[in-house]
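Dear colleague,

I am handing over the structure below, followed by notes on what was found in it. Please read the notes with the coordinates open beside them.

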Amino acid sequence: DFETFRQKCREYATKQIEGQKAGFIRLGIFGTWDKPYLTMEPQTEADIIRALGKIAASGHLVQGFKPVYWSVVGGSALAEAEVEYHDKVSTQVDVAYPAVDAAAVLAAFGATSALTPAMVIWTTTPWTLPSSLALSIGAEIEYQLLDISVADKRRLIVIAADLAESAVARMGGTINAVLGSAQGEALEHQLYQHPFYDRQVPVLLGDHVTLEAGTGVVHTAPDHGMEDFVVCQKYGIETINPLNDGGVYHEHMPLFAGEHVYKVDAHVVEVLEQHDNLLSQGKLTHSYAHCWRTKTPLIYRATPQWFISMDKLGLKEKALEAIKGVRWVPAWGQNRIEAMVAQSPDWCISRQRTWGVPIAFFIHKTTGELHPDTQRLTEEVAKLVEVTGMDAWWQLKPETLLGADADDYKKVTDTLDVWFDSGVTHASVLSKREELGQYPADLYLEGSDQHRGWFQSSLKTAVAMNGTAPYKQVLTHGFAVDGKGHKMSKSLGNVVSPQEVMNKLGADVLRLWVAATDYSGDMTVSDEILNRTADSYRRIRNTSRFLVSNLNGFTPATDAVAEKDLLSLDRWIIRRAAQLQTEIQSAYENYQFLNVYQKVHNFCVVELGGFYLDIIKDRQYTTPTNSRARRSCQTAMYHIAEALVRWIAPILSFTADELWQYLPGERSQSVFLATYYEAINGVSEDSQMGDAYWRTLMSVKTAVNKELELARSEGRVGGSLQAAVSLYCDAPLFDLLGQLGNEFRFVTITSEARVMPLSDADDQARASDLEGLKIGVSATGHVKCVRCYHHREEIGSNPEHPELCDRCVDNLGEAGEDRQFA
């Protein structure tokens, strides 16, 4: 029975939910996982019914008999959002409709002939021809009366002038003569004979007729097309209900009774040939509407359904106005949804299924009108559903709620479109859960296909219920495609499983790949791309590890150096982090996650890994534990780590959570409860050695590194600490580098670094990539200090410490060497 079937549906859905929930948790997504919102929960079902009642009370709900997309396999109506388009091979035919009054037709064209003229239509759905009740033409289109020869037979045909040549060619015929022309409006109300039924069909004027393809004449079946239905209503032509729910012709349809629409085309073509009204036939591959669930071709079928009217009370205009007040990310999302809503027909929300939230209304058995007390009754039904779920409706006897009215009213047996279920989550979830904030939502987030789905169903229901959009912002992303840009498909074997990626590389690598991709279009993913992402992840992680490992023994409250005592290099890197934080904050606020990734990764690679952390290793490992030199760089690293962990938390959530546990100092229980780190904003720029100064030093260091690498490859030096570098500079750079004095060698990470005028450069000095700078590299020729590994001339001059350089001797004391800059 249906109740058992619905229970089986719930069991299957529960199994799917548990699998998805496990995947979400493994991805590090926050949620009330012990109490997720489920549309099949009794409370949610009840609130969906309440939302339906509210829309009915607002006047936007109508019951109507219109053509809707119909799944003959599913036996149910569908809405636009449930339609997919796939290629289909169809039978295409050109069909003649002979004139009833040949003389009248000839007169309209100012022609005479012994032949009977016929209007010609072209269609790719021969199965609709039994339901053909009219012919539609364009009032402004020019039509011609042609004398043609097709298959060795002369015919007179009426056809649009602009399509005459291509249509006759499709028929394999030739044009013998053009007998006359007439505007479409002059042909209105002419009568033609149906191509195989004893039925006369009139000519109608329709705005839907175009010259894009065919003949400029459209065979019109109000049961099988919305435009056909509308134009027929205008002329008082009713539907004939030719098909049952399964797509089979009813008994009242001659010739084809009992046949299925999927299989009848060949029979229709055969009947057309028997009546000598088939002018051409062939096959055409074209994009065709399919059911998203059964993947089978859809038909248009006129049936009684429930609709949310887009025009009755101006819902379409109100929705379009509401769209303007929403922030769309990317911005093109606004144009996309506006275009879709502007073209949106009335939304068919009823389905003929045994599962789903019921349309819990009572309608009059004779008039079909809603019960006058619908508002109260809907709430009574919702209260029952809250307790036992949707089955309460199916089990309900009308007299329980209606009393004496029960004999005159019946329950609606249709269920709601699932897009309605998800579309009213602003009422059944958002407004019901305190932890989610308030209506409207700050952000709706989904794929780019949802402009026609969830974004639209949510907008329409919210405007119908509340007069406003349910969201302040809407973010749209593309879909994952393989390395060659192909859509992922199990049959192609190119699917990259998130579970496999997480098991192999970890969830943070997958999260980083998302952040490192431009989500505004389709996102390319492959093993190679993920491995590159893993390398980027390791750079950020290893930078974080270096920072936290070198904060061992550092207590911020007692060991942090005051701003005025910070070394220039440390002051600069904190300032740089503060600038970066402002940029990152802006990028997050604008959902520019790629920008966040690039800035964080670049900071770790260039400023930190390639410069700052490289330079401070000497200070960190050779100066006394509590010296200003060491505590200054530890203070900088502490500030950077505090900022960095917050920057990466939304993306590298597991890594940030782990790093948070190891950072020194007092902190909240979780990094996800922390706000941006403000302490870095209190460090002012060094007036002498600001950002521009240290950026120049970075360029100089890069140039020196290049020369050191060359010297190593040529065997002139081993490691950089065996080297002495001579920098020959023009005046501005000479003055700038000279400010560092003896500390310049710590920036170049060499044992000796001399700065001299460019005019002193000898033949051994090589021009660098920097204008006004030449660099010479040679071995120092000195002994290595066993403590700091610098090769220095003074080693051996101190009898107490014969193997140490002078500064290492100083660093054995409590204060240590004096450092001002680097």
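The buried residues of helix H9 pack against helix H2 (42-57), strand S17 (362-364), helix H10 (391-395) and helix H11 (398-402). Please keep in mind, here and throughout, that this is a predicted model. The residues of H9 in question are Thr374, Leu377, Thr378, Val381, Ala382 and Val385, each of them buried. Seen down the axis of H9, these buried residues fall within an arc of 140°, so they line one face of the helix. H9 itself runs over residues 374-388, and its 15 residues reach 21 Å from the first C-alpha to the last, close to the 21 Å expected at 1.5 Å a residue. After H9 comes Gly389, which has a positive phi near 90°.

Turning to open space, the second largest pocket has a volume of about 1200 Å³. It is lined by 34 residues, and those closest to its centre are Thr124, Thr125, Val218, Glu227 and Asp228. By class, the lining of this pocket comprises 16 nonpolar, 14 polar and four charged residues. Strand S4 (117-123), strand S11 (217-220), helix H5 (226-234), strand S12 (278-291) and strand S13 (299-308) each contribute at least two residues to the lining of the second largest pocket, and S12 gives the most, with five residues.

The loop between H5 and helix H6 (265-274) deserves a separate note, and Val261 is located in it. Is Val261 buried or exposed? With a relative accessible area of 3%, Val261 is buried, since the cut-off for that class is under 20%. Leaving aside residues up to four places away in sequence, Val261 touches Val72, Trp127, Leu243, Gly247, Tyr249 and Ile299. One of these contacts, Tyr249, is 12 residues from Val261 in sequence, and their C-alpha atoms are 7.5 Å apart in space. Asn241 also has its place in the loop between H5 and H6, and although it is not a glycine, Asn241 has a positive phi of about 50°. Asn241 is partly exposed, with a relative accessible area of 32%.

Ile749, a residue other than glycine, has a positive phi near 55°; Ile749 is in the loop between helix H25 (744-748) and strand S25 (752-757), where it is partly exposed at a relative accessible area of 22%. As for peptide bonds, Val329 and Pro330 are joined by a cis bond with omega of about -10°, and Pro330 is found in the loop between strand S14 (327-329) and helix H8 (332-342). Tyr439 and Pro440 are likewise joined by a cis peptide bond, with omega of about -5°, and Pro440 is found in the loop between helix H13 (425-430) and strand S20 (444-447).

With kind regards

Definitions and conventions
Residues numbered from 1 in each chain as written. Predicted model: local features only at pLDDT ≥ 70, side-chain atom pairs only at ≥ 80, totals over all residues. Heavy atoms only, no water. 1 Å grid on protein atoms, 1.4 Å probe; cavity = no way out; pocket = protein on both sides within 12 Å on 5 of 7 lines; lining within 4 Å. Points joined across faces, edges and corners; volume = space filled by probe spheres on them. Helix = DSSP H or I, 4+ residues; strand = E, 2+ residues; numbered from the N terminus. Nonpolar A, V, L, I, M, F, W, Y, C, P; charged D, E, K, R; others polar. Expected span 1.5 Å × (residues − 1). Buried < 20%, exposed > 50% of the residue type's maximum accessible area, 1.4 Å probe, protein only. Arc of directions from axis to C-beta. Contact = heavy atoms within 4.5 Å.
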